[in-house]
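Reader: Before we look at individual features, could you take me through how such a model is to be read, with each criterion stated as we come to it?

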Amino acid sequence: MRNIILSIVFFITALVAYSQPSTISNHNKNSQLITNLDSYRWKMKMMLPGQGIKEGLHKLPPGDIETLVWNPARVPGDVYTDLWKAGVIEDPYYGRNSVKSQWVMQYEWWYATQFRVNQDLTDKVARLDFQSIDHECDIWLNGHYIGSHKGSFSSFSFDVSEVILSNEHWLKATNMLVIRLAPPPQVNANVAGLKTPWFGDYWRDLIPFGITGSIDLIFTGKSRILDVYAKPNVENEKKASVVFEVEVENTEKVAKEKNFTISFKGQNFESEEQIVRFKKILQPGTQIIKKEIEVDNPQLWWPWDLGKPNLYEAKVSLDEGNINQDFKEITYGLRKVEMDWNPGYTKDEVSFPRTTMINGKKIFIRSACWGGPPDIFVGRTSEEKYKKLITLAKEANMNNIRIFGWHPPEIPLFYKLCNEAGITVWQDIIPLGTGNIPNDPELLERIYQEGENVIKNRRNNPSLIMMEGGEEMLLRASDPMYARNFLETLGDRYQGMVELPYVPDSPLTCDVSQEAGYKPKEAVHALDYFYQMGKWPMEEWIKTLDFPIVPELAITSVPNVESLKKFIPENEMWPPGLSWGYHWADLDRLRIQNFDTFGDEKKGSLQEFVNATQDAQGIIFQLSIEHFRRNKPRTSGVALCHFITYWPDMKWGLIDNYLKPKRSFNFVKTAYQPVLINLNFKKRRWLNSETFKGEFWIVNDFYKQYKNCKVEYSILDDNKKVLKKGSFKVDKIQENSSKQFFEVEANVLKKVENNFYVTMELTDKSGEVLSSNNYMFLIGNQKKNAAKFKEMGEEIRDRNSVYSYGNYLRFFNQFTRENTEEYESKTDTIKTRGF
């Protein structure tokens, strides 16, 4: 019996034995103690709504061992991932399993963890800082209710000085933190901006929720630093200052004089440390202390294609005599963001300047909508995933990532990686991917505050350069002026927190937006080729697009076969089964898109079909990007939709959910070369009797001239035999320019059977390759094929007039009972219409 008791004591000790809080040194001595509560030491339990409190889960004794038998859980994380790993549900990403998991969001989930505090807390203030909890929670520490919170992205904090337990004896030092997660809300309009939308054509009705951010237990002195904002003030490359806005709280009832020390130096470059010390009298409560400091020999932060992404690290400490109070460390950059009007558009056509200027230099935005987070269930993501994805974005020559209103603001690691890589961020601050906001003053204020909190926690990141309010809100708004007023008020609140450009919504070119008073040429979501498939061949559609900026350019494809095997059941792999449709494979459009690209639907095998969809996506992206880049400075940026995908789908991403780039990735990498040799042409299909014609253009996004360059090109037949080759000299390529340099005419198509190719290479005066590019063309009748493409598109539109777009059963006649077909049992072979 004695051995059993000792074993239990040892087990409990192991359970609660956190390493002691790490010490963070301030400018003199230790001032802040932090225990991070992120770990796999959490436990979770399911309860009927309201039942947990009735049963007394919130009153569990701090040293109790009852939670030993709860399911294991991880923080940060989410409920579904914890349940999947515990074996309670099947992997929601596989097949149609997520349908089977919908019961999860009808219950409340209780999370608990234990930790020890051994240090002396005399003259210390303790608080629990929560980075984010999705979406609604109640929190208890040692049986004491400490607070509640609603909102998926905002950070929040509670003072726990009166209820924290500290002692040298392990049992008396044990604390129990309990969190109740309410069932997630079921109507998005009621929590718009406060929670990620769980609808849209790349997800099914399973509402994520969980403890999604870090939790820290922090001990400070009686005065503490709540926030530090390093506000840059850049006059030019040689003159800059930074205004430190330090938010502090004096928890005592009397005013106290405190000493402030601020120091900063280069984080990723060598510089002398600058140190400033000063005194301030702190009144009881919260206040902001401002201090402007001239920066010696300032090193500005630039996007990677304009310069170096120089970063500073700053330390701010607070003390009273010899007693240290608090300490905070931040990273920031010196950069100035402005907007300029796009040339060629009148103010009757546009309402906003759309050309981004960083430190006085105009930049063409080569972007993609993030499509993230890397997993909609945040418990499945990792630091390694983020690092690889940002590396791939830069490899694709992107200088920007757009986080749009169907996705949440990203975690601190994302912005840190963008800061370091020199990749800018264009962001809808909170996810407002919906059409209608209830006219409820309390809800509106919660939305405004959520957005301000998101800005406050991210404004030190120099990568954040552009803010938007909504995503397609006005496109779906029933009251245009109400929506406009809401979005403009939101912008005023944002710009009260940070000096960055703001645009209320995207795209702002729809009928509703114009009814609200916006102009016809604001921006375009270039989605019609996909959603109106069959109306125009790709090259004809592209030529119709003339806008200052393109926040979305979308086309779809299927992930790699290796990835398909991870989420599509083997018996549904080929021909495509029901799980393809469930994961948003638009099987009609994919077939027709292949026809437009290759003159063939490419259904001979799974591998052929997958490769064709990815190449089609790549070619459409390539031709569209080149069109917009040739149009600079009239056009100032384009964002593809999307870069990644947050679950395994058959939709927009260039990178699939398993971090595998599609073949389309290399097309985009080529089209986004900062120096780009490219070909402008009228059509992709040519008759054997025709003379091929094209224009050679060079786009240069660098602020660097190139002289005495050379272009060499070749035209090749089906067998890659050279039909014609040539070259021409380029005396000068101006910095930040787009220009046509040469026209080609070649009467060489007589013996080509199906396809011919054009390759080209631009070299500088030393022979170094600056850019290379290539194109595939078809032998065929452009008008005849366009007519067939339109006929195929009409078939889609006729079918979609019967079935809603989200109804994937429309691809399976046995399930819709078309043509008298019927599905009766698992022994039936499911036939996919069109395959």
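**Reading backbone, packing and cores**

Author: L508 lies in the loop between strand 26 (502-503) and helix 10 (511-515), where helices (H or I, at least four residues) and strands (E, at least two) are DSSP runs numbered from the N terminus. This is a predicted model, in which local features need pLDDT of at least 70 and side-chain atom pairs count only at pLDDT 80 or more, while totals for chains, interfaces and linings use all residues. Residues are numbered from 1 along each chain as its sequence is written, and side-chain values use heavy atoms, with hydrogens and water left out.

Reader: What is the phi of L508, and is L508 buried or exposed?

Author: Buried means under 20% relative accessible area, exposed over 50%, and partly exposed in between, with a 1.4 Å probe and protein chains only. L508 has a phi near 70°, a positive value in a residue other than glycine, and L508 counts as buried because its relative accessibility is 0%. N142, in the loop between strand 7 and strand 8 (144-150), is likewise not a glycine and has a positive phi of about 55°.

Reader: Which residues of helix 17 are buried, and why do they lie on the same side?

Author: The arc to consider is that of the directions from the helix axis to the C-beta atoms. In helix 17 (residues 664-671), the buried residues are S664, F665, V668 and A671. They cover an arc of only 130° around the axis, and therefore sit on the same side of helix 17. Their cover includes helix 5 (383-395), helix 16 (606-630), strand 29 (637-641) and strand 30 (675-680).

Reader: At what angle do helix 5 and helix 6 pack, and which residues meet there?

Author: Axes are lines fitted to C-alpha atoms, for helices over the stretch in contact, and angles run from 0 to 180 degrees between N-to-C directions; contact means heavy atoms within 4.5 Å. Helix 5 and helix 6 (residues 412-421) pack at about 35°, with their axes 10 Å apart. On the helix 5 side E383, Y386, K387, I390 and K394 take part, meeting L413, F414, L417, C418 and A421 of helix 6.

Reader: Which residues touch the most other members of the largest nonpolar core?

Author: A nonpolar core is a set of buried Ala, Val, Leu, Ile, Met, Phe, Trp, Tyr and Cys residues joined through side-chain atoms within 4.5 Å. The largest one has 238 residues, and F244 and F643 touch the most other members. Helix 16 supplies the largest share of this core, 11 residues.
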